[in-house]
Amino acid sequence: MGFFRTWDETGKNLVDSDYVTFGLIKSGYMTYLTSVEQKRREFISNNTYYPTGIFDSIYGFTVTAEAPIVFVAGRAVLQQIVRTGNSFTYWYAHASASVRYYVFDLMRDRGPGPAKLRLWDDAGVCTLDTGMPFMDINGSAVAPPPSTFRGVGRGYVGATTTVLGEYGWGRSVMDTISFPATGDCAVSNQWSRAMFHATQYGTQRISAKEGAYGAGGRLVFAMATEAGCLIDPFFTPPHIVEYGFFDIPTARLPSASYIDASTLPLPFG
């Protein structure tokens with residue numbers, strides 16, 4: 001028997017302290033972190049990439065956690081996670097200070113507080129602290145496979161390709177596809193892929209990365225130009241139309257989960 005169980009009005013089990021429970025430890029708006037420089041291959045005789053003097057902005061946040069799960073509301077494509085001990089810094093491209101994040105972690109004892117319930121297991125580990133809003137997954141989606149042109153992947157099936165503007169030697173490109181979600185959708189994708197995209201006339205190869213985020217009542221998957229991208233002007237992608245994405249791994253398709261952030265405190269932690 002569980003120490004503690006709760007259900008909502010529809011009979012959905014919200015909390016069972018017999019199982020690992022995650023709670024909100026931090027939420028807020030992303031801030032500017034740094035800029036990273038694009039690099040370009042200058043000589044066909046070698047594969048060395050040289051600085052271009054063109055920089056791309058990185059937004060994100062830092063959190064101290066044990067096993068963080070991050071949900072994002074607003075356009076942002078994860079580039080990397082920098083970890084030092086239990087300190088995690090999340091780097092996002094194509095983001096802004098209006099993007100919200102919600103970080104959940106394993107339940108922990110956050111100390112006394114008004115109208116709080118705390119539970120511990122037989123080993124003395126805190127399994128529930130109602131001062132941490134519970135993580136309630138509303139649903140999930142799987143990214144569609146790439147479309148093809150003459151046998152070569154070109155981005156998501158049914159996607160919208162947007163040229164975001166000049167991006168150094170090329171243009172910043174984003175391929176997006178969205179799915180309906182409930183409430184104020186914030187999205188978490190635990191892994192994603194790297195790929196490339198072509199320029200307008202298919203004469204350059206530019207590195208790109210994949211992410212997922214919430215946009216109102218939609219869950220969005222996105223492939224987009226990498227921040228600090230590598231630009232190869234000597235590579236001609238095979239059978240690629242302008243701004244097409246290619247070399248997309250397909251052995252596994254990434255999935256993303258979403259929550260309704262409308263009831264969560266902001267900022268928090």
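**Figure 1. Surface and overall make-up of the predicted model.** The protein exposes about 12,900 Å², and carbon and sulfur atoms supply 53% of that area. Accessible areas come from the Shrake-Rupley method with a 1.4 Å probe; for residues, only the protein chains shown count as cover. Of the 269 residues, 46% are buried (under 20% relative accessible area; exposed is over 50%, partly exposed in between, with a 1.4 Å probe and protein chains only). The protein has 23 strands and 0 helices (DSSP runs numbered from the N terminus: E, at least two residues, for strands; H or I, at least four, for helices). Among contacts (heavy atoms within 4.5 Å) between residues at least 6 apart in sequence, 68% join residues at least 24 apart. This is a predicted model, in which local features need pLDDT of at least 70 and side-chain atom pairs count only at pLDDT 80 or more, while totals for chains, interfaces and linings use all residues. Residues are numbered from 1 along each chain as its sequence is written, and side-chain values use heavy atoms, without hydrogens and water.

**Figure 2. The salt bridge between arginine 100 and aspartate 184.** The closest N and O atoms of this pair are 2.7 Å apart (a salt bridge is a side-chain nitrogen of Lys or Arg within 4 Å of a carboxyl oxygen of Asp or Glu). Arginine 100 lies in strand β9 (residues 100-106) and aspartate 184 in the loop between β16 (170-180) and β17 (185-188), so the bridge ties together parts 84 residues apart in sequence. Arginine 100 is buried, at 17% relative accessibility.

**Figure 3. Other salt bridges.** The whole structure holds 7 salt bridges. Arginine 108 and aspartate 105 meet at 2.1 Å, N to O. Aspartate 105 is buried at 0% relative accessible area, whereas arginine 108 is partly exposed at 24%. Glutamate 42 pairs with arginine 40, with the closest N and O atoms 3.7 Å apart. Here arginine 40 is buried at 16% and glutamate 42 is partly exposed at 32%. Arg41, Arg205 and Asp232 are linked in a network of salt bridges.

**Figure 4. The nonpolar cores.** The largest nonpolar core has 27 residues, of which Met30, Phe61, Val72 and Tyr92 touch the most other members (a core is a set of buried Ala, Val, Leu, Ile, Met, Phe, Trp, Tyr and Cys residues joined through side-chain atoms within 4.5 Å). Two or more residues of this core come from each of β5 (49-64), β6 (69-73), β8 (87-93), β9 and β20 (218-225). Beyond four places away in sequence, methionine 30 touches residues including Tyr59, Phe61, Val72, Tyr92 and Tyr101. A second, separate core of 19 residues includes Ala141, Ala212, Phe221 and Met223.
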